[in-house]
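Trainee: I have a new structure to read. Can you take me through it, one feature at a time?

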Amino acid sequence: MFFSCCCGRSVGQHVSCTASLAMKYSDVKLGDNPDLSLPELEEWSVDRHTEESPTDAYGVVNFQGESHSYRAKYVRLSYNSKPEAILRLMLKEWKMELPKILISVHGGLQNFKLHPCIKQVVCKGLIKAAITTGAWILTDGVNTGVAKQVGDALQQQCSRLSRKICTIGIAPWGVIENRNDLIGRDVVAPYQTLLNPLSKLNVLNNLHSHFLLVDDGTVGKYGAEVKLRRELEKHINLQRIHARKTPSLHNNRNLDNGFI
């Protein structure tokens, strides 16, 4: 019999020391059998019922199954990671340049089609803005919905230049298909982008250059990334413009933030 814990995993997927706790918070214990007389349980929460540990997944993801070989840097991190630490990682370890403009692309996860003329205008505008300003583009990083449209724009407009555009996917670790293939410290991880049609998870979009994979201990649930992304965007906006070697720029201007 399959019992599901509130975190989204089956009870059997928990290690032995937490399996008994997971059973307490399984769907059976929490309402499927009203005749069971159980002591009252506190509401399950990420803060109380998950434990943090040092990250075990970071390096370079090497996308497989495409005509072109694409790579992107990635890290699995806690949902409550400090934005200061994340930005430090991006600038110091990933050698990214602080952007003049931050383009944050929000939208649904459902796939949709744009009229070819509208798609061409949007694609050209997005790529031109990113290239000419040195912008960072932020999306949810998965290969569906708006993030897929951004990936298509990068692929259609300029295959060579698009790899120089910093396109950052911020996605929940627990919704990523084949996420176990990414486990390893400072590794080059082969990653298949083929999605099981029966799966409720999503694969990463291979046209992104960087991924922040946000883990709150749950599986198959969105939301872990929302607060982290919002705080990271706010923190980046508080930074000074990167000091470029041109007399027309001033160091005391704030970042612009574009939302699509």
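Mentor: Start in one helix. E233 and R229 are 4 residues apart in helix α8 (residues 224-237), so about one helical turn separates them. Keep in mind that this is a predicted model.

Trainee: What do E233 and R229 form, and how far apart are the closest N and O atoms?

Mentor: First the general idea. Side chains of opposite charge can pair when their charged atoms come close. Here E233 and R229 form a salt bridge, with the closest N and O atoms 3.1 Å apart.

Trainee: Are E233 and R229 buried or exposed?

Mentor: Both E233 and R229 are buried.

Trainee: Which side chain makes a polar contact with the side chain of R229?

Mentor: That of S104, at 3.0 Å. The side chain of S104 also has a polar contact with the side chain of E233, at 2.4 Å. Now place S104: this residue sits in strand β3 (residues 101-104).

Trainee: Why does S104 count as buried?

Mentor: Because its relative accessibility is 0%. The cut-off for buried is under 20%.

Trainee: How many salt bridges does the count come to?

Mentor: The count comes to 3 salt bridges. One of them joins R76 and D56, whose closest N and O atoms are 2.7 Å apart. R76 lies in strand β2 and D56 in the loop between α3 (46-49) and β1, so the pair ties together parts that are 20 residues apart in sequence.

Trainee: Which residue meets R76 in a salt bridge of 2.8 Å, N to O?

Mentor: D215 does, through its side chain. That pair links distant parts of the chain: D215 is in strand β7 (residues 210-215) and R76 is in strand β2, 139 residues apart.

Trainee: Now the strands. Which strand is joined to β1 by 8 bridges?

Mentor: A general point first. In a regular strand the side chains alternate between the two faces of the sheet. Here strand β1 (residues 57-64) is joined by 8 bridges to strand β6 (residues 184-192), and the two run parallel. For example, A57 has G184 in β6 as its bridge partner.

Trainee: In which sense do β1 and β2 pair?

Mentor: In the antiparallel sense, over 5 bridges, with strand β2 covering residues 71-78. There, V60 has K73 in β2 as its bridge partner.

Trainee: How many helices and strands are in the protein chain?

Mentor: The protein chain has 8 helices and 8 strands. Of its 260 residues, 45% are buried. Take contacts between residues at least 6 apart in sequence: 71% of them join residues at least 24 apart. The accessible surface is about 14800 Å², and carbon and sulfur atoms account for 52% of that.

Trainee: Where does pLDDT stay under 50?

Mentor: Again, the idea first. Where pLDDT is low, the predicted coordinates should not be read in detail. In this model pLDDT stays under 50 over residues 19-30, with 33 contacts beyond four places in sequence. It also stays under 50 over residues 241-260, with 42 such contacts. For the protein chain, the mean pLDDT is 75, and 63% of the residues reach 70 or more.

Terms used
Residues numbered from 1 in each chain as written. Predicted model: local features only at pLDDT ≥ 70, side-chain atom pairs only at ≥ 80, totals over all residues. Heavy atoms only, no water. Buried < 20%, exposed > 50% of the residue type's maximum accessible area, 1.4 Å probe, protein only. Contact = heavy atoms within 4.5 Å. Areas by Shrake-Rupley, 256 points an atom, 1.4 Å probe, with all protein chains shown as cover. pLDDT = per-residue confidence, 0-100. Pairing = 2+ DSSP bridges. Polar contact = N/O pair within 3.5 Å; in protein donor to acceptor, adjacent residues only side chain to side chain. Salt bridge = Lys/Arg side-chain N within 4 Å of Asp/Glu carboxyl O.
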